[in-house]
Amino acid sequence: MTRDLIVSSNPRETRIALLEDGVVAEIFMEREAQRGIVGSIYKGRVTRVLPGMQSAFLDLGLERDAFLHAADVFEQLPENELSADEIQAARSAPIEERLHEGEELVVQVLKEPMGTKGARISSHVSLPGRYLVLMPTVEHVGVSRKISDDEERRRLKTVLKEFRQERGGGGLIARTAGQGREAEAFLRDGRYLSRTWDEVRALAARQRAPVLLYREPTLIERLLRDLLSDEMASIRLDNERDFRRTLELVGALEPALAPRVRLHNGSSGILEEHGISAELERALRSKVWLPSGGYIVINQTEALVAIDVNTGRFVGKNQLEDTLLKANLDAVREIVRQIRLRDLGGIIVVDFIDMEERKSRKEVLHALEQELRRDRSPTKLLSVNEFGLVILTRKRVKQSLDKLLLSPCPYCSGSGQVKSVATVCSEIYDEVKKLADDMKGHKLVLRVNPEVARALEADEAPVLSGLQALTGGELVVHADALLHQEQFDVVAV
């Protein structure tokens, strides 16, 4: 599989697309005024401790207080004075015995603020580098699950243990990019991360909460750190300053790949030239058509994402079971691509087309598992049943693409629906009926939306005659384009 990074930036925002074998797989966006905070480290002040929820809220200097669960609380204990059992007991005590209002704590952001919820934080810090991850608050050595060779895993653990002994403890995890790398590469990476952590602690000792201690690198720097490998066929940028900076970074990380960094000089925009703008528009629609003629419908709610598979125009050529299996398999690849493209997270329920044979259902599930291996975000398949429902979870750390690019419709308040004209006409009748005794003999003026006014002159004309019968007076309808379709005014003159 070959990968390409397409980078478009201006003073306000940066948009980056990851192409896999020429197809847009993921889109990343960062606005300078709304730069993400996941991975950033703060010194915060405890504002509330909630024993009933075993959690606390901390003021980080953000718009909303951040949420800290008891399982994510780490206290620096005098380990040379306490036994292992005493340390375990102290760290498993109720949160009200471990944290108090006004206390200051160094924490790292795990999830962006979403909707009305503040950021999710942890006092267990994790600093990712090019080849390893430093976790100074735990004692653990591990290797990425994507490295499957047992001999290589043993070698990497030996390298990490040697560095852990050099720095005097802490946790380390070898990243996938570290496979086959020499020990010196890990040592350089680890020493840099150790210096960064020492600087964070020194700043925390001098500053009072709330204060930002460490900010994650820019979007381009993070993606180069995480994705740069021999699979990267090209990195194309349309901004000369970013081009020079990227060239420097790639030269430092992987000098052999520096020639693959290129500056875009085409007459058309870089996103249009690679079809990314069209994919972005497609990713904002709920319905996505499949090559076979079927389609999927994606709907997000507060708690979960629902994806429905439909045959659409696809009728197949053989038996019904074969047709349904082909439609479902065709949908699998696009479903996973859209999950990555839109950065959907949390609980995702996929409603595949019902199939009779268990063998067919297993084939669809296996295909889904294979496609999910392309995803860098941790995912887990929870269940599949005879009705075609598959439930999976995907780690969510930031807002999905549509939450970032779209805002709720001011007309329908994000519901996607408004009351029908007939319903509004019925409400007008009910409102006048309640006030009929006070309006008898008066001239009535109805101020309504133009659509409602047209209906009252046509299909809903009986409503007007009914109102005149109730009040016995003249009735005038005024169309007001400034009124919402559901709004109306009834005035007695």
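**Entry 1: aromatic pairs**

I began with the rings and found that the structure holds 3 aromatic pairs, where rings of Phe, Tyr and Trp (its six-membered ring) pair if their centres lie within 6.5 Å, planes under 30 degrees apart counting as stacked, over 60 as edge-to-face and the rest as tilted. I noted that this is a predicted model, in which local features need pLDDT of at least 70 and side-chain atom pairs count only at pLDDT 80 or more, while totals for chains, interfaces and linings use all residues. Residues are numbered from 1 along each chain as its sequence is written, and side-chain values use heavy atoms, with hydrogens and water left out.

I looked up the pair F57 and F67: the ring centres are 5.6 Å apart and the planes stand at 65°, so the pair is edge-to-face. Because F57 lies in strand β5 and F67 in strand β6, the pair ties together parts that are 10 residues apart in sequence; strands (E, at least two residues) and helices (H or I, at least four) are DSSP runs numbered from the N terminus. Both F57 and F67 are buried, where buried means under 20% relative accessible area, exposed over 50% and partly exposed in between, with a 1.4 Å probe and protein chains only.

**Entry 2**

I then followed the strands themselves, which count as paired if DSSP finds at least two bridges between them. Strand β5 (residues 55-59) runs antiparallel to β6 and is joined to it by 4 bridges, and A56 has L68 of β6 as its bridge partner. The two strands form a hairpin with 6 residues between them, and G61 in the turn has a positive phi of about 90°. I also saw that β6 runs parallel to strand β8 (residues 120-122), with 2 bridges, and that F67 stands opposite R120 in β8.

**Entry 2: the second largest pocket**

I checked β6 again for the second largest pocket, whose volume is about 820 Å³; β6 (66-69) and β7 (104-111) are the elements that give two or more residues to its lining. A pocket here is an open set of points on a 1 Å grid over the protein atoms alone, where a 1.4 Å probe fits, with protein on both sides within 12 Å along at least five of seven lines, and lining residues have an atom within 4 Å of a point. The lining has 27 residues, of which K111, E112, M114, K117 and R396 lie nearest the centre, and by class I recorded 7 nonpolar, 9 polar and 11 charged residues.

I looked up helix α4 (residues 183-206), which has 24 residues and reaches 35 Å from first to last C-alpha, close to the 34 Å expected at 1.5 Å a residue. Its buried residues include F186, L187, L193, W197, V200 and L203. In the loop between α4 and β13 (211-214) I found P210, joined to A209 by a cis peptide bond with omega about 0°.

Most residues other than glycine have a negative phi, and most peptide bonds are trans. I noted Q54, with a phi near 50°, in the loop between β4 (41-50) and β5; Q54 is partly exposed, with a relative accessible area of 24%. D343 likewise has a positive phi, of about 55°, and sits in the loop between α9 (320-342) and β19 (346-351), but D343 is buried, at 17% relative accessible area.

Definitions and conventions: Expected span 1.5 Å × (residues − 1). Points joined across faces, edges and corners; volume = space filled by probe spheres on them. Nonpolar A, V, L, I, M, F, W, Y, C, P; charged D, E, K, R; others polar.
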